[in-house]
Amino acid sequence: NCKRLRASSRNYPDAYVGHLSSQTVVAHMVIPTGLPPGALPWVDDVFVDRDGVLGRADTPYKTAELTREQHRLLLQKIPREQFLPARIQDTLGGKVFAVGEKDYAAELVGGPYASATVRLKADKVTGRCTPDGSNVPDYIATNPRFALDCKEPYGTDFDTIYSLDGSHYVPGKDPAHLGGDTWTADVALEIMSRET
């Protein structure tokens with residue numbers, strides 16, 4: 001399917017939109033809400049809090065450094081029915097989980113209405129990544145399978161936003177503790193086996 005899509009697509013190497021930077025934080029909200037980027041509280045890696053939702057008005061913030069609580073404050077002005085987890089709960093009932101190795105990806109897809117968000121938190125002192133988030137099920141939080149070694153930089157700088165800190169974003173070398181997308185899929189499968 002990917003090869004067929006690629007073969008039927010067009011490539012514009014010199015295209016330039018000019019009004020929207022390529023920040024994944026925006027996509028993590030556009031996809032689950034269906035809102036255009038201009039309707040979101042931010043559209044870039046740095047934004048100015050004009051209304052003073054997080055503190056003093058007209059203060060700039062780095063979007064990637066916002067806490068879960070700050071994200072939720074900013075998201076309060078978006079109607080509940082715009083959020084995918086809320087729509088799923090209202091339509092089908094039950095619980096909705098958002099899982100991802102990247103902190104703000106899981107938090108934003110889950111938004112304020114997911115039953116739980118599960119993501120990895122890296123401890124730079126111990127070099128371990130462990131499950132974190134909101135309402136993380138105990139069977140995930142305490143399962144040794146979901147704790148990863150995050151010491152290996154794979155040649156990247158730990159001070160960059162996407163440093164390859166061990167098995168956080170890549171599978172890694174330990175077959176019993178694979179990270180990255182494998183970790184995300186394994187957590188999701190574990191949740192589905194216990195919650196359905």
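Which side chain makes a polar contact with the side chain of T117 at 3.3 Å? In this predicted model, the partner is the side chain of E107. A second polar contact joins the side chain of T117 to that of S134, at 2.9 Å. T117 is found in strand 4. Is T117 buried or exposed? Its relative accessible area is 1%, and buried means under 20%, so T117 counts as buried. Leaving aside residues up to four places away in sequence, T117 touches A98, A106, E107, G110, D132, G133, S134 and V136.

E107 leads on to the cavity. The count comes to 1 cavity of 30 Å³ or more. About 30 Å³ of space lies in the largest cavity. Which residues line the largest cavity? They are R68, H71, R72, L75, E107, L108, G111 and P112. Helix 3 and helix 5 each supply at least two of the lining residues. Helix 3 gives the most, with 4 residues. By class, the lining divides into 3 nonpolar, 2 polar and 3 charged residues.

Now take helix 3 itself, residues 68-75. Its buried residues include R68, H71, L74 and L75. Why do they sit on the same side of helix 3? They cover an arc of only 125° around the axis, and this puts them on one side. The buried residues of helix 3 pack against several elements. Among them are two helices, helix 2 (24-33) and helix 5 (103-110). Strand 1 (46-49), strand 4 (116-123) and strand 5 (128-134) are also packed against by these residues.

Helix 2 comes next. Which of its residues are buried? They are V25, V26, H28, M29, P32 and T33. Their arc around the axis is only 160°, so they lie on the same side of helix 2. These buried residues pack against helix 3, helix 4 (84-92) and helix 5. Just after helix 2, G34 takes a positive phi of about 75°.

Turn to the second largest pocket. Its volume is about 210 Å³. The lining consists of K95, V96, F97, A98, V99, A188, I191, M192, E195 and T196. A98 in this lining is also one of the residues that T117 touches. Which elements each supply at least two residues of the lining? Strand 3 (97-99) and helix 7 (180-195) do. Helix 7 gives the most, with 4 residues. By class, the lining of the pocket has 7 nonpolar, 1 polar and 2 charged residues.

D174 is found in the loop between strand 6 (148-149) and helix 7. With a relative accessibility of 35%, D174 counts as partly exposed. The C-alpha atoms of D174 and L148 are separated by 8.7 Å. Along the chain, D174 and L148 are 26 residues apart.

How values were computed: Residues numbered from 1 in each chain as written. Predicted model: local features only at pLDDT ≥ 70, side-chain atom pairs only at ≥ 80, totals over all residues. Heavy atoms only, no water. 1 Å grid on protein atoms, 1.4 Å probe; cavity = no way out; pocket = protein on both sides within 12 Å on 5 of 7 lines; lining within 4 Å. Points joined across faces, edges and corners; volume = space filled by probe spheres on them. Nonpolar A, V, L, I, M, F, W, Y, C, P; charged D, E, K, R; others polar. Buried < 20%, exposed > 50% of the residue type's maximum accessible area, 1.4 Å probe, protein only. Arc of directions from axis to C-beta. Contact = heavy atoms within 4.5 Å. Polar contact = N/O pair within 3.5 Å; in protein donor to acceptor, adjacent residues only side chain to side chain.
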